[in-house]
Amino acid sequence: MRRSYKFLLRPAVGQQGALVAMLADHCDLYNAALQERRDAWRHSSKTTVRYGDQSAQLKGVRAVVPEQARWSFSSQQATLRRLNKAFEAFFRRVKSGDTPGYPRFRSRARFDTVEFPKDGDGCRWDSTPRDGATRVRLQGVGHVRVHQHRPVRGRVKTVSVKRQGRKWFVVLSCDDVPPELAKNRTKKHRQAVRRVAKLHAKIRRQRLDHAHKTANFVVRDADVIAHERLDIANMTRRPKRRPGEDGTFEPNGAAAKAGLNRAILDAGWGVFLAVLTAEAECAGRRLIAVDPRNTSRTCPLCGHVSAQNRDGEGFKCTACGLIEHADTVGALNTAIRAGLALCAAT
Ligand SMILES: [Zn+2]
């Protein structure tokens, strides 16, 4: 079965210029070929220029127009075929008595695709990544880096380069793609994917809202704000699953809501800190990050450090007997460390 893959291109600055020039020259070729067909048609409505004629002239054109000679012969042929398709559609409309609409000239700004009909001819999909990046080689442009976000299956048949807004993409059309993967994608699956994406967007909004409210609250009340330095390993650890829950979003509202709340809570320390940093800066508050090691195992009163100090959410110092909530202890230790840092700084 046939399938297309679309990947973002990451051209270097020089390559970007070459890509723009490639599109522009293919556009010029398209327009020149259209002009020729128009002139012939106007001269005598019995004279028609066909794709074969124009393709045969291509060699001559490349010999006298050096700009055109830079690009792939095959991609230029593909451009002429595109024009031919436009004419075939035009003739079909004339024949059927529809409003014909003669093929139009294209502006460079809106000519956005160059097609290479065969991998290896004017272009080469290079599936073996070098220094971490896949590349596609384009004649006249060079080896352009590709953001290949999924594996390519099957055999690459055609390669297209597209401009969309300010971004560049490569589209691979592949043959002999094993069908298993595509077969699974039922309507239900697509619906589920949409539903999850919607939920995630909602979580993102709620997380951000929550971060702003909390940051505001903290910044309003404090001149100096201390927090534990972020530990990436802790941040990326997945939340523990609770017994009896499989972690999926169930269609009944309760389970979905529980999942949502959990996602908001386990959330986004990175997001919150970014928001907090911005708001603290805005309000002229001081933000201090402290070493997070043992903040919840150290006694804030006597300084005794032991894992035995902790009992779940409770804290009981095995040396001096201080009893507190573990979160309070953690906050106190963070404040103490920030205070020490401030003293050391002044
Ligand atoms: Zn103690």
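Analyst: Happy to! Let us start with a term: a contact means heavy atoms within 4.5 Å. This is a predicted model, where local features need pLDDT of at least 70 and side-chain atom pairs count only at pLDDT 80 or more, while totals for chains, interfaces and linings use all residues. Residues are numbered from 1 along each chain as its sequence is written, and side-chain values use heavy atoms, with hydrogens and water left out.

User: What share of the contacts with a separation of 6 or more comes from residues 24 or more positions apart?

Analyst: Helices (H or I, at least four residues) and strands (E, at least two) are DSSP runs numbered from the N terminus, and the protein has 10 helices and 12 strands. Among its contacts with a separation of 6 or more, the share from residues 24 or more positions apart is 64%.

User: How is the site of the zinc ion classed from the angles among its 4 donor atoms?

Analyst: Donors are N, O and S atoms within 2.8 Å of the metal (3.2 Å for Na, K and Ca), and sites may look incomplete because water is not among the atoms. Here the SG atoms of Cys 299, Cys 302, Cys 317 and Cys 320 coordinate the zinc ion at 2.2 to 2.3 Å. Four donors count as tetrahedral if all angles lie between 85 and 135 degrees. The angles here are 107 to 115 degrees, and the site is tetrahedral.

User: Where does α2 bend?

Analyst: Helix α2 covers residues 51-64 and reaches 20 Å from its first C-alpha to its last, close to the 20 Å expected at 1.5 Å a residue; that expected span is 1.5 Å times one less than the number of residues. A bend at a residue is the angle between axes fitted to the seven residues ending there and the seven starting there. Leu 58 is among the buried residues of α2. The helix bends by about 35 degrees, and the place is Leu 58.

User: Which residues touch the most other members of the largest nonpolar core?

Analyst: A nonpolar core is a set of buried Ala, Val, Leu, Ile, Met, Phe, Trp, Tyr and Cys residues joined through side-chain atoms within 4.5 Å. The largest one has 25 residues, and those touching the most other members are Leu 138 and Leu 172. Elements giving two or more residues to this core include β1, α1 and β7. Beyond four places in sequence, the contacts of Leu 172 include Phe 7, Trp 125 and Val 156, and the pair asked for is Leu 138 and Leu 172.

User: What is the phi of Asn 294?

Analyst: Most residues other than glycine have a negative phi. Asn 294 sits in the loop between β9 and β10, and its relative accessible area is 34%, so it is partly exposed. Although Asn 294 is not a glycine, its phi is positive, at about 60 degrees.

User: Which helix holds Thr 334?

Analyst: Thr 334 has a relative accessible area of 7%, so this residue is buried. Leaving aside neighbours within four places in sequence, its contacts include His 227, Val 290 and Thr 295. The helix spans residues 326-345 and is α10.

How values were computed: Tetrahedral: all angles 85-135°; square planar, octahedral: opposite > 155°, others 65-115°. Buried < 20%, exposed > 50% of the residue type's maximum accessible area, 1.4 Å probe, protein only.
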